[in-house]
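Hi there,

Here is the structure I promised to pass on to you. Have a look at it first, and my notes on charged pairs and surface follow below.

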Amino acid sequence: MKQKDSKTLWTIAGNVTVYIFLGILTVFTLVPIIYIVVGSFKTNQELVAGSFNLIPEHFILDNYVEAWQLANFARYTFNSVFLSTAIMAITMITTSMAGYCFDRKDFKGKNLLYGLLVAFMFINVGSISLRPLFELAVKANLHKSLWGVILIAIGGGQATYIFLVRGYMNTIPKSLDEAAIMDGCGFFRIYVQIILPLLKPALATIALLSFRSAWNLYVLPMIFTMSQPDLKPLTVGVISLQNLSEGAAAWNLMFAGATMSIVPIVVLYIFSSKYFMSGLTVGGVKG
């Protein structure tokens with residue numbers, strides 16, 4: 001009985017520790033977001049004064065209207081949607097094809113190539129690669145549009161998603177492929193008609209992660225749009241709100257712009273959360 005009581009106490013203590021840790025993590029995650037959202041309804045004077053009051057003295061809805069009009073938010077929003085959607089769509093296609101080939105196709109050097117891809121998941125060269133990538137885009141004449149950003153972003157973020165797709169492919173019986181081959185289907189037709197519909201959870205996960213990553217890009221699009229303000233996405237355009245007011249920085253407008261930039265990610269997650277969780281857990285465990 002004492003051993004059982006001891007195990008029960010350790011289990012309770014472990015659960016309490018986990019919940020405390022998750023609670024602290026939740027607070028550190030949500031507090032900055034709540035502060036920004038609430039601050040978007042405050043006056044700039046109230047924000048600059050450093051008031052700790054969470055509730056604004058007066059709810060100012062005009063912050064959103066002013067931010068949208070002064071910073072050309074309509075154009076920035078279109079650029080962000082185009083940039084993120086293009087990266088998401090191309091990433092879903094290329095990674096699903098690569099994951100399918102790595103799992104179902106035998107070719108020389110497959111294990112070596114896959115091992116290198118997985119190894120590069122843990123390597124992030126960051127800002128070191130920005131200059132050579134930009135020079136390459138200039139030589140390819142891709143620096144005058146967002147396609148340079150799109151291609152670079154796609155090329156640098158494939159390994160994790162390929163790993164996820166290949167892991168999820170392990171849950172799809174190969175007998176389906178064999179039955180399709182018996183019916184005369186080729187390798188590509190099996191991918192389109194059989195594998196793709198079954199990859200929905202994994203693809204939903206990839207869609208959400210790639211869209212979020214693309215939406216939050218800052219340094220790369222900032223470099224490409226320095227001489228072309230009309231190509232700025234929201235993440236870069238929000239910074240332009242900083243000096244729109246006389247004297248102090250327009251923090252109220254920046255908070256309003258940041259809040260508007262958060263909305264698409266939240267909406268996307270709400271509609272894809274079901275597939276996101278199943279795709280992430282199954283692909284991660286089986287991979």
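This is a predicted model: local features need pLDDT of at least 70, side-chain atom pairs count only at pLDDT 80 or more; totals for chains, interfaces and linings use all residues.

Leu9, Ile12, Val16, Ile20, Ile24, Val27, Phe28 and Val31 make a nonpolar surface patch of about 780 Å². A patch here is built from residues with over 30% relative accessible area and no salt bridge, with nonpolar side chains (Val, Leu, Ile, Met, Phe, Trp, Tyr) joined within 5 Å and like charges within 9 Å. Accessible areas come from the Shrake-Rupley method with a 1.4 Å probe, and for residues only the protein chains shown count as cover. One of the patch members, Ile24, sits in helix H1 (residues 2–39) and is partly exposed, at 45% relative accessible area. (Buried means under 20%, exposed over 50%, and partly exposed in between, with a 1.4 Å probe and protein chains only; helices are DSSP runs of H or I with at least four residues, numbered from the N terminus.)

Residues are numbered from 1 along each chain as its sequence is written, and side-chain values use heavy atoms, with hydrogens and water left out.

How many salt bridges does a search of the whole structure find? The search gives four, a salt bridge being a side-chain nitrogen of Lys or Arg within 4 Å of a carboxyl oxygen of Asp or Glu.

- Arg104 pairs with Asp177, with 2.9 Å between the closest N and O atoms. This pair links distant parts of the chain, 73 residues apart: Arg104 is in helix H4 (residues 73–104) and Asp177 in helix H9 (residues 174–182). Arg104 is buried at 15% relative accessible area, and Asp177 is buried at 8%.
- Lys110 and Asp106 meet at 3.3 Å, N to O. Lys110 is buried, at 11%, whereas Asp106 is exposed, at 68%.
- Arg131 and Glu135 meet at 3.1 Å, N to O. They are four residues apart in helix H6 (residues 130–139), so about one helical turn separates them. Arg131 is exposed at 64%, and Glu135 is partly exposed at 38%.

There is also a network: salt bridges with shared partners join Asp103, Arg104 and Asp177.

How values were computed:
Helices (H or I, at least four residues) and strands (E, at least two) are DSSP runs, numbered from the N terminus.
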